[in-house]
Amino acid sequence: MNTKYMNPYLAGVLLGLVLLMAFFFSGRGLGASGAVKSTVVTVVSTIAPEHAANSPFYSKYIGEGKSPMKSWLVFEIMGVLVGGFLSGALAGRLKLKIEHFPGISANRRLIFAMIGGILFGFGSQLGRGCASGSALTGMAVLSLSGFISMATMFGTAFALAYFFRKNWI
Amino acid sequence: MGPLIPQEIIGQDWNLFIAFIVGIGFGFILEQAGFSSSRKLAGVFYGYDTVVLKVFFGAAVTAMLGLLFFSLFGWIDLSLVYVNPTFLGSAIVGGIVMGIGFIAGGFCPGVSFSAIAIGKIDAMVFLGGIFIGIFMFAEAYPLLESFYMSGNLGALKLSDVLGISGGFLAFLVIIAALGMFWLGDLAEKKFPREEY
């Protein structure tokens, strides 16, 4: 048993309490991909304002009185970076590195990280939220969508694990 | 009484500050649990480390029960808590695409931020991928819009679909979670790995 990390059951309960706090104060749950979406919208509308204004996607988030970076998820994610950094500092885990299974090269790890990120980014928009926003938060409010996200996400990853095994074991 | 901000018991100005504080808790716990390591996360799919399963279901059950009890005690008005709407087709396909991303990349977006915070370069690349993926979706949106909006069932709860109470569904989820915790421990014994 790896004892460097917190007991997973304790971590689960604490994470659940953080989620409950978000519900109690803000009436909404956690998320992550939404903060990246805000960044994409901001970058595109800065570089190509006309393109953004004419697009049915970007135009939903920009316009008078709307500033995509002043969103709940953007501030939450800034907190995640601070919280993660504090935890890593306390545990002595702050280190620039490419973590990968020793059986594969660092480059291979980065290529698959990139592919995985692209798919996750695309899928999170299609599925209206990622693991934290749709699956975890959705399940906590008993939303059908949350259960579908959880089942399809974990189910697909389990089903394909065999084909990706050389990357991990 | 709650949720405090939608009912303006606490001013709207505090909402982003609360988000930041909630985020600190979120990021701290993710990192403490070991979610800043893709090899630990991917372990659940090969049985050698099932921490994802335990933390994810532990958190879901805790928050689910918390909301039900808060509602019972009159501490929160559940009608003011956001329930993500269900769009059947896009939810299923989106979940499948994310599942492939999960096994390929070893992270999900939330945990990748906690990994970036401690210096994982693979997580930074993963985040770059998320950015590109969202950009691709945004550019392709005119083509995808009709599928994206199809099968709209509204803010539907699973308990309503099954015709059972929220409490009973929570009870079933707890039973399922306990079963998965037991399976997780079994898998870790069956597929043990040394330091990784």
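Chain B contains eight helices and two strands. Read from the N terminus, these elements follow the order α-α-α-β-α-α-α-β-α-α. The model is a predicted one. The C-alpha trace of chain B extends over about 50 × 45 × 35 Å along its principal axes. Of the 196 residues in chain B, 53% are buried. Among the contacts in chain B with a separation of 6 or more, 65% join residues 24 or more positions apart.

**Domains of chain B**

Two domains are assigned in chain B: domain 1 covers 1-79 + 165-196, and domain 2 covers 84-156. Their C-alpha centres are 19 Å apart. Where the two domains of chain B meet, nine residues of domain 1 are in contact with twelve residues of domain 2. On the domain 1 side of this contact, helix H1 (15-33) and helix H2 (38-46) of chain B each provide at least two residues. H2(B) gives the most to that side, with four residues. By class, the residues on the domain 1 side comprise five nonpolar, three polar and one charged.

**The contact between the chains**

The contact between the two chains involves 112 residues from chain B and 108 residues from chain A. On the chain B side, helix H6 (residues 121-148) gives the most, with 20 residues. The chain B side has 75 nonpolar, 30 polar and seven charged residues.

**The nonpolar core**

The largest nonpolar core has 116 residues, and those with the most contacts inside it are Leu19(A), Leu136(A), Ala60(B), Met64(B) and Leu67(B). H3(B) gives the most to this core, with 13 residues. The core also draws at least three residues from each of domain 1 and domain 2 of chain B. What does Leu67(B) contact, leaving aside its neighbours within four places in sequence? In chain A, Leu67(B) is in contact with Leu20(A), Phe23(A), Ala140(A) and Val141(A). In chain B, the contacts of Leu67(B) are Ile76(B), Leu78(B) and Val81(B).

| Helix | Residues | Among the buried residues |
|---|---|---|
| H5(B) | 109-117 | Pro109(B), Val111(B), Phe113(B) |
| H8(B) | 166-190 | Leu169(B), Ala170(B), Val173(B) |
| H7(A) | 144-160 | Leu144(A), Phe147(A), Met150(A) |

Helix H5 of chain B is mostly covered, with nine of its nine residues buried. Gly110(B), Ser112(B), Ser114(B), Ala115(B), Ile116(B) and Ala117(B) are also among the buried residues of H5(B). After H5(B) comes Gly119(B), which has a positive phi, near 100°.

Helix H8 of chain B has 25 residues, which should span 36 Å at 1.5 Å a residue; the C-alpha atoms at its ends are 36 Å apart, so the two values agree. Gly184(B) is also buried in H8(B). The buried residues of H8(B) pack against H3 and helix H7 (158-162) of chain B.

In chain A, helix H7 has 17 residues and reaches 24 Å from its first C-alpha to its last, close to the 24 Å expected at 1.5 Å a residue. H7(A) is mostly covered, and twelve of its 17 residues are buried. Other buried residues of H7(A) include Ile148(A), Met153(A), Phe154(A) and Ala157(A). What covers the buried residues of H7(A)? The covering elements include helix H6 (131-140) of chain A. From chain B they include H2, strand E1 (86-87), helix H4 (88-105), strand E2 (152-154) and H7.

**A buried loop residue**

Thr50(B) lies in the loop between H2 and helix H3 (51-72) of chain B. Why is Thr50(B) counted as buried? Thr50(B) has 23 C-beta neighbours inside 10 Å, and the cut-off for a buried residue is 20 or more. Not counting residues up to four places away in sequence, Thr50(B) touches Gly43(B) and Val44(B), together with Gly184(B), Ala187(B) and Glu188(B). Gly184(B) is one of the buried residues of H8(B). Thr50(B) and Cys108(B) are separated by 58 residues in sequence and by 15 Å in space, C-alpha to C-alpha.

Terms used
Residues numbered from 1 in each chain as written. Chains lettered and ligands numbered in written order. Predicted model: local features only at pLDDT ≥ 70, side-chain atom pairs only at ≥ 80, totals over all residues. Domains from an automatic or database assignment. Contact = placed C-beta atoms within 7 Å. Nonpolar A, V, L, I, M, F, W, Y, C, P; charged D, E, K, R; others polar. Core = buried A, V, L, I, M, F, W, Y, C linked by C-beta atoms within 7 Å. Expected span 1.5 Å × (residues − 1).
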